[in-house]
Amino acid sequence: MKKIGFIGLGNMGARMVKNLLNANYEVTGYDINEEFVNQLLPIGLKKASDLNDISKDTDIIITMLPNGEIVEGVLDSIIDSLRPGTLISDSSTIDVDKAKHLHKKCEDRKLLFLDAPVSGGVGGAEDGTLTFMVGGGEDAYEIMLPFFQIMGKNSLLCGSPGSGQATKACNNMLLATTMIGVGEAFSLGQNLGLDPEKLFEILSTSTGSCWAINSYCPVKGVGPSSPADNDFKPGFSADLMLKDLTIALKAIESTNTSAPFGKNSQENFKRMVKENRGSLDFSAITKFNN
Ligand code: NAD
């Protein structure tokens, strides 16, 4: 049975690890916050005292870290102690170019690398229903598939190195833009005197329907339960959405893509974060976007 090392046991990582442990895999975990490691010891996590400890004797290393610089820093500290053929699967959301760079770095050391960011948030991590968008080689993807199936319900090899992060950037740019549009539709409805519940009933079953309405309606008391019903406690924070939009913007610029709505969404989230509302759920953009 393959031995797994898991680095980054925060909101997402801790939940993903639980599912691997429930499937009886041997997982050694590391986080700079030792408390996060200790919390998982009672359910079978093995504790790595430092990063070198995790790199010994593991076949697969999964990283779930805040950003690309941290992922590269972690990789640099363990790269010399990894056995050739070790697979590193990074599920953090990071810059597309950084992901390509890390693929190359690993290839030069005869290591396998996948960029495998996820969609589905903390709920998906908890329930094992994440979607993995994967960039890299087929061999590495085949090795990781059983683990993606434990931590998630969908996974797709999107293409060459960086394709997973590129797919995630497209998805989250669209999500940010649709959420802002949903907020505008409900504001207009309110100003026209419509009952928001009736508006929801039609929007969620008509041509305007989308995930931002159907599953995450940003209006309190309307539609299924969502952060709007809980004072916009995240969920997925506006800070993280801004990070993802900044990645998308960099990709837009480097590819000369025309995406004025995506740019506009980033400006709106920048403003929200600047006004110290970054810790709210991203769907709160519909309240402050004016
Ligand atoms: P988080 O901040 O809760 O967890 C990150 C963890 O990394 C923390 O526990 C932190 O202590 C640890 N860490 C930081 N530097 C480290 C280092 N040098 N070595 C070891 N551990 C280190 O973040 P999260 O919400 O779990 O998100 C993780 C990644 O997943 C991010 O890239 C995020 O964009 C992405 N993501 C998050 C969500 C979500 O809903 N939270 C959804 C999809 C993707």
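## Close-up views of the predicted model

**View 1. The interface of domain 1 and domain 2.** One salt bridge is found across the interface of domain 1 and domain 2; a salt bridge is a side-chain nitrogen of Lys or Arg within 4 Å of a carboxyl oxygen of Asp or Glu. The model is predicted, with local features requiring pLDDT of at least 70 and side-chain atom pairs pLDDT 80 or more, while totals for chains, interfaces and linings use all residues. Residues are numbered from 1 along each chain as its sequence is written, and side-chain values use heavy atoms, with hydrogens and water left out. Domain 1 covers 4–159 and domain 2 covers 166–288; these bounds come from an automatic or database domain assignment. The centres of the two domains, taken over C-alpha atoms, are 28 Å apart. To the contact (heavy atoms within 4.5 Å), domain 1 contributes 13 residues and domain 2 contributes nine residues. About 910 Å² is buried between domain 1 and domain 2, and carbon and sulfur atoms give 60% of that area. Buried area is the accessible area (1.4 Å probe) that two parts lose on being put together, summed over both.

**View 2. Polar pairs and composition at the interface.** Lys 250 and Asp 95 form a salt bridge through their side chains, with an N to O distance of 3.1 Å. Between domain 1 and domain 2 there are four residue pairs in polar contact, both residues being at pLDDT 80 or more. A polar contact is a pair of N or O atoms within 3.5 Å; within protein, one must be able to donate a hydrogen and the other to accept it, and residues adjacent in sequence count only if both atoms are side-chain atoms. On the side of domain 1 that touches domain 2, helix 5 (96–108) and strand 7 (118–119) each supply at least two residues. Helices (H or I, at least four residues) and strands (E, at least two) are DSSP runs numbered from the N terminus. By class, that side of domain 1 has eight nonpolar, three polar and two charged residues. Here Ala, Val, Leu, Ile, Met, Phe, Trp, Tyr, Cys and Pro count as nonpolar, Asp, Glu, Lys and Arg as charged, and the others, Gly among them, as polar.

View 3. Asp 115 is part of strand 6, residues 112–115. With 0% relative accessibility, Asp 115 counts as buried; buried means under 20% relative accessible area, exposed over 50%, and partly exposed in between (1.4 Å probe, protein chains only). The side chain of Asp 115 comes to 2.9 Å from the backbone nitrogen of Gly 162. Leaving aside neighbours within four places in sequence, the contacts of Asp 115 include Asp 90, Ala 99, His 103, Met 133 and Gln 165. Phe 147 is 32 residues from Asp 115 along the chain, and their C-alpha atoms are separated by 14 Å.

View 4. The structure holds 14 salt bridges. In one of them, the closest N and O atoms of Lys 3 and Asp 57 are 3.1 Å apart. Lys 3 lies in strand 1 (residues 3–7) and Asp 57 in the loop between helix 3 (51–55) and strand 4 (60–63), so this pair ties together parts 54 residues apart in sequence. Lys 3 is partly exposed at 26% relative accessibility, and Asp 57 is partly exposed at 47%. A salt bridge also joins the side chains of Asp 80 and Arg 109, at 2.4 Å from N to O. Asp 80 is in the loop between helix 4 (68–78) and strand 5 (87–90), and Arg 109, 29 residues apart from it, is in the loop between helix 5 and strand 6. Asp 80 is exposed, with a relative accessible area of 65%, whereas Arg 109 is partly exposed at 41%.

View 5. Arg 277 and Glu 275 form a salt bridge in which the closest N and O atoms are 2.7 Å apart. Arg 277 has a relative accessible area of 27% and is partly exposed; Glu 275, at 39%, is partly exposed. Elsewhere, salt bridges with shared partners join Glu 69, Glu 72, Asp 76, Lys 98 and Lys 105 into one network.

View 6. Helix 1 (residues 13–22) is largely enclosed by the rest of the structure, because seven of its ten residues are buried. The buried residues of helix 1 are Gly 13, Ala 14, Met 16, Val 17, Asn 19, Leu 20 and Leu 21. Asn 24, which follows helix 1, has a positive phi near 70°. Thr 86 sits in the loop between helix 4 and strand 5 and is buried, with a relative accessible area of 3%. Not counting residues up to four places away in sequence, Thr 86 touches Thr 58, Asp 59, Leu 111 and Leu 112.
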